[in-house]
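Subject: Structure for your review

Dear colleague,

Please find below the structure that I am handing over to you. My findings follow it.

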Amino acid sequence: MKKRPTVGEILQAKGVSRRGFLKYCATTASILALPPSMIPRIAEAIENTRRPSVIWLSFQECTGCTESLTRSASPTVEGLIFDAISLDYHHTLQAAAGDQAEAARHAAMEENEGGYLVLVDGSIPLGNPGFSTIAGMSNVEMLKETVAGAAAVVAIGSCAAFGGIPGADPNPTGAVSVMDLVTDKPVINVPGCPPIPMVMTAVLTHFLTFGTIPDLDKHGRPMTFFGTTIHDRCYRRPFYEQGKFAETFDDEGAKAGWCLYKLGCKGPTTYNACATTKWNSGTSFPIEAGHPCLGCSEPNFWDGGGFYEPLSTGRFDSGTKLAGAAAAGVALGVAAAAAGRSKQAKFTKEG
Amino acid sequence: MTTVDGRHELDREAERLAYKPPEVRHDKQGDMPSEERINQAMHHFVKNFNTQTASYLDGCLHCGMCADACHFHVRTDDPRYTPIWKIELFKRTYKRQVGPFAFFYRLLGLKRHVSIEDLEEWQHLLYDSCTVCGRCSLVCPMGIDIAGLVSMARHGMFKAGLIPHELHEVAKTASETGSPLGITGDKFAERADWMGDEHDVEIPMNKEQADVLAVMSSIEINKYPESMAATAKILNAAGESWTFRTDGFEATNFGMLSGNPDWQKASTMKIIDAAVKIGAKTVVLPECGHAYMALRWMGANMYGKPLPFKVLHISEYMADALNTGKIKVKKVDKSVTYHDPCQVSRRGGATQAARDVIKHLGVDFREMEYGGDYNWCCGGGGGVVTIKRADPLRHRVFKLKMDQVEKTEADQLLSSCANCRQSFDDSQQHFNWDYTMGSLMEMVAENLEEVQS
Amino acid sequence: MDLLAFAKGPALQVAAYIFVAGSIWRIVGIVLLKEKVDHSEPRKSGGLMAALKVIYTRSFTASPFKRATLYPKMLAYVQHLGLFAVIFLFVPHIMFFEGFLGFSWPGLPNNIIYLLGVAAVAASIALLVRRLTSPVLKLISNFDDYFSWFVTVLPLVTGLMIPVRMGFRYEDILAVHILSVVLLMLWFPFGKLGHAFLVFVTRGTTGMVFERRGAKT
């Protein structure tokens, strides 16, 4: 078995300067909320670590997550770090197909037993194994087989992390998340539809640097990226406090860049790094483009209410059933008054 | 229904309407067992719960502001004198028996059943320390008429045989003889005759037909008989076809004050029957506060239909007669302040009448601070003045009234209620106070002028 | 289903049913008791205008009582106006109402709402202290008074915690806030909070009875 080159060697071969490399390490340290003293450690870890083997499993997904990671206007350092891992299996990106591809997966698993990472995008159908198969193998079987020797599992995107669109009501395929199936290995959720590329690579970098998984929130998401809400970091927040809201997408408020709360922004309940890390090489994020946050990195994303329904709207039926309650109230009131009156009549008779 | 052993002598010479201080108090009437008393109280509380009282009893916020309006609380700082607390048993019975959620209150035992000890304690709160003056009703942010509820709660207390000794005696005498002081029709006619002679005024008695029926209160007949002459002078001067009747002369209504609706109705019906018999168009009520409430506002409801005649308090009659020029008065060179009887002014709505009369008298009128509708009560209304054991409390409360009067520095203090007057007289004696309560009607009668027609 | 979805969905739903049914139950139970007919000759016309007049005038204290009741009245005003503003003029709340009413109205800036909310809480605390120390209030208060205070103040406090957060996650504290409102709605029709609608009945009744007498209302 040929000795894998270290990450540092590969980056050098790719023509990444030392300066550029350290800059990447500094950025990563900063978004991981690590002190500057950790930068050399990150650099050392990345330079000296052998390319870790990564197996990417794609189940019920749309390839949007992969697109997000690969489609950059220009090669980025985080793109390069992807080159630095040994992506041994990825439907969309690998050249091999059929038995060859499956053989590559098995080879990677055997060679790196106990040390490889499994990245999953897409949810897993439990309703009927035939809903989604790869090389004649159901998704759930393939997941279980692949995860058995892994060091950790990273669920990429909201489908893998929480079930996503396939898992939305009425969930025809019985889709579940990785978390629902993998309970004996660490699972890191990197949700989003799609997730932010930088967040993904930073999670990998953290794993390379420390060999551990980062602090996670109650939904299994790294606290460093999913610790604060979009709302708390939103540049439009002052308008929220002042009570200045866009009422429609083309009114004066919308043009003036006022808060999008009334247009259904889910920023207050959405934990993600969009407002700080931004998208498209740090260009912007949806709210800057004038659209409310959809809350794509949250569980129950699809079933949590309309995208354009304000957060504070109660989700209850206010029509006929409420009229029924009113009618019940009238009936009870009539009964109570009748009971009172009959008691009075009885007492009057008794004197 | 109830009997009391050991009746007490009428004390006709006393400063006020009362029996001699009972040697042995009988504040429990009859010999019902406690269970029966509780039942009676509950039954007769329950009878009063209509839409109006129910909303009142359901609406209380327990804000306690009524305490700040009540003279008994203001002067003693005793929290039990908080007006809404006085009807606590009434309220509790409502919630347990008739309120919309009565079922739950009973099921879950949320409101304790009223006990005999409760009822005995509340006798003091519902009778000794409430004059039904209604000041609390004006402060309540929910607009609850607490005074009205006290009157209703008394119904249950009466039927339970748990009312103060003297009040029961007075009310019983009234029901038996037609007058709380036992004054019969003959005695009334005798007195009228005497007053007519003494004051040289014609007092018509028992006319078969008359436009106006005048009635008197026993307090006046007994203690201020000049009132009869004054009434006659005024009605004669106005040229009214009027009369007194021996079959309907008593204006006071101790059935109402003590809490017996049957006796209340009997007293009221005597006046109504007499007025109907002579075809009266107007009944003129004497200077008596609760008489006004009993006939003007409750009379028709006792009768069960609108009354076939108008009901006027003497102050209203005088104001009307003076305003229309039926009578005229000489100017009086005095400074005067006026004490409003609660049931006539605050609760009766005739506040302006007395002021119109005073204006015609041309006196230097000095309104008390917060006079009129917000006036402090004399402390003797609602039957309190009859209850001997309540004297110390009543005197304590009277201080408020004294301060209010003294601030005006008026020469003369007037009112238009004999019950207020006797309560003032009694307190005056107790405190050796300078002010003597006078009668507005008597001042008018003394200063009548001939009207050229 | 997470806590927020539970709070916004089934919990609020059930609370709305009980709120509506309970409130109507109470009003109907009172209104359908026997009616008191008054045969006395009115001095003035009472009627609806009299009821409306007193519903309005009793919002203010008559001058003889101003001094004695100044402190609790001021606190009650702050509490009630604060509650009104917080409930009906906070933009997210307006959107909540718009969700089922179908129309909206202008709100106040959040900072002003926070201020009024804090003032309402402070006034409520002062009123509670008064209730716990005044001999009159100690005597006449019961479970209803204290529990109603609690369920009224709880949504105020949890609501104010949303911007402050205090280490809680937004959706958790929002869920707790909504659940505290659910508690309020469940208790509302049955306890003294019912004065919010009974006030129109009691003041209106007194207005009609006393205005037709021409007496002070």
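Two residues are said to be in contact if their C-beta atoms, placed from the backbone, lie within 7 Å. Please bear in mind that this is a predicted model.

I begin with Val283(B). Leaving aside its neighbours within four places in sequence, Val283(B) is in contact with Leu213(B), Val215(B), Ile271(B), Ala275(B), Leu295(B), Phe309(B) and Val311(B). Val283(B) also belongs to the largest nonpolar core, which holds 200 residues. Together with Cys66(B), Ile146(B), Leu213(B), Leu285(B), Met318(B) and Val357(B), Val283(B) touches the most other members of that core. The element that gives the most to this core is α1(C), with 16 residues. A second, separate core has 100 residues, among them Phe21(A), Met142(A), Leu83(C) and Ala85(C).

Next, the sheet in chain B. Its 4 strands form an open sheet in the order β2-β1-β3-β4, with parallel pairing. β2 (242-243) and β4 (310-313) of chain B each have a single partner strand, so one side of each is left without a neighbour in the sheet. Strand β3 (residues 282-285) of chain B pairs with β4(B) in the parallel sense over 4 bridges, and Leu285(B) stands opposite His313(B) in β4(B).

Finally, the interface between chains C and B. Here 44 residues of chain C are in contact with 47 residues of chain B. On the side of chain C that touches chain B, two or more residues come from each of α1 (3-31), α3 (63-89), α6 (135-140) and α9 (195-213) of chain C. The largest share, 9 residues, comes from α9(C). By class, this side of chain C has 20 nonpolar, 11 polar and 13 charged residues.

Yours sincerely,

A colleague

Key
Residues numbered from 1 in each chain as written. Chains lettered and ligands numbered in written order. Predicted model: local features only at pLDDT ≥ 70, side-chain atom pairs only at ≥ 80, totals over all residues. Nonpolar A, V, L, I, M, F, W, Y, C, P; charged D, E, K, R; others polar. Pairing = 2+ DSSP bridges. Core = buried A, V, L, I, M, F, W, Y, C linked by C-beta atoms within 7 Å. Buried ≥ 20, exposed ≤ 12 C-beta atoms within 10 Å, placed from the backbone.
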